[in-house]
Structure formats: structure tokens, C-alpha cells
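Please look through the sequence and the structure shown here before reading on.

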Amino acid sequence: MIEASELFRGAGAYYAKHAVPYPEELFRSLVRVCRLSTSSRVLDLGAGTGQIGIPLARSVGSVLCVDPSEEMVHEGQLAVGTFNIKNVEFLVSRSEDLNTLKASFDVATIAGSFHWMDRGAVLTKLSTILKPNGCVAIIYRMMDRSEPGDWYRALLSDIKEFWGGNFPAGPGEVRPVLTVPNRDALSASDFSEITQLRHYYEHHWSIDDLLGYIFSTSMGAPGTLGARRDEFTKRIRRLLLSHSPTGHFVKRGHINTLLGYRC
């Protein structure tokens, strides 16, 4: 079994600095479509360092960010302290282990982390945590293209080869392959009335920023790489420069948000 707290060991500081931000349009849509207000309570699961919870806090009453990684939570707490944000709290926990929260939340957001969870168990638990008219927002990115050339797919292929044919999921673990799409998982839950939103994004990296981003992921977290970090860094830098000698990279894509409501 994958130990959730080990997935991103050593990645917290990189995640806080290099994670790709979400567009403002996404937060405006969540506020509008989910009918959030300055009295609303938001539960952000698999929150990382607060990439969803902190921006959303500007428009709601309070946000509870939950993540199994103490590193991620520490970085998130540093961020809210730096910016003097008073309505965001962090909790170290797996989403599956939330047993004491009451049905007082208006929306639960899960961005880019749903595939690491026992999705059925989490959605069942959210049935007891969300208000009767509350909704679940499953947020995930889809790449449309990368420039110059198809450097992003080449990068993933090379990282997979580096790890012997499978993407890692923390030290000594292999990332599981999901056979049930997010929509089907949501349809099988109490939140089976689904609305889909789509927002487009474009992100630019320098090579050092891109390497920082890779170190923020499970496939390149320092704790997973261990003694192979230098070997990995040299290999990936060489690959990237072969696609862009100037060290400039662009990724364009869209963000799908599945909003699930009780029927």
C-alpha cells in the first residue's frame, strides 16, 4: 500500500514555489456556479500547499486545507502567515481518515490529487461532511500541446524510462493505474448529478523553473530520487535542452472541473 505521506517527501518547498497556478477564471466560476459567499465554508482535500484553498479564501468565509504531507502543510502555513490570511487553516490528514468533521461545508474541492485517494471512500465520507445542498469539485488538468515541439511527452517518456517503465509513487512504490474515470467515480457516488466546467491555461517555464516543478511531483521528488538525484537532473536537463536550447518551454492545456451534486 502506498504511504500517502511519502509520495512527495522532500517536494514541499518546490511545490510551494513551482506548482503551476490555476487561472483566476476558475475561482470566479466556482464562486458563481457553487453559489459561494463570504459565509461559505470550503474543504480542500489533497490541498498541497494551498493552490486552490488560498486563492478561493478571498471569496468565502473560511477554508480548511487537508493534506497527508506534513511538508506540504508546513509550506501552506508559511504562505498564509506571510500574507496574513486569517480564514485558511491546514490539517495533516489523509482524506479517507476525516472522521470528526461535521456536515458544515458548502463545497469540497479536490484538485490534481483525486487519483491518489480511495475515491469511493472519500466520496462516501463527503456525504456526511457536506451540507445537503453542497457539491464536490474534482479539478484536473489536461494538456493540449507543448512548445517547442512535443517536449512534454518526451519528458514523461524519459522519466518513465528512468524509473524502469513505471512512474513512481514515493520511495519503492509504483503509481497505480486507474481504470475508472473521475466522472464514473463521481457518478457512482451520492454526488451523481454532474456539471462540467472547462478553463484554458498557458504556462511558461525557464529550464530551472521546470526542473523545480519536476522536483515538486511524485515522479521527481527528492525523497523518491534519493542518491539518484544528480543522475536524474543531468539526464532531464540534457533532454530538455535538446528540445529548447534557449531553455524556454511552454505548455498549453485546459482544466476540467466536475461539479457533483446530490440528486
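The buried residues of helix α5 (residues 119–129) are covered by elements that include β1 (41–45), β4 (105–111), β5 (130–147) and α7 (182–187), where contact means heavy atoms within 4.5 Å, and helices (H or I, at least four residues) and strands (E, at least two) are DSSP runs numbered from the N terminus. The residues of α5 covered in this way are R119, V122, L123, K125, L126, S127 and I129; buried means under 20% relative accessible area, exposed over 50% and partly exposed in between, with a 1.4 Å probe and protein chains only. This is a predicted model, in which local features need pLDDT of at least 70 and side-chain atom pairs count only at pLDDT 80 or more, while totals for chains, interfaces and linings use all residues. Residues are numbered from 1 along each chain as its sequence is written, and side-chain values use heavy atoms, with hydrogens and water left out.

A search of the whole structure finds 0 disulfides (pairs of cysteine sulfur atoms within 2.5 Å). C65 is buried, with a relative accessible area of 0%, and its sulfur lies 16 Å from the closest cysteine sulfur, in C34, which is too far for a bond.
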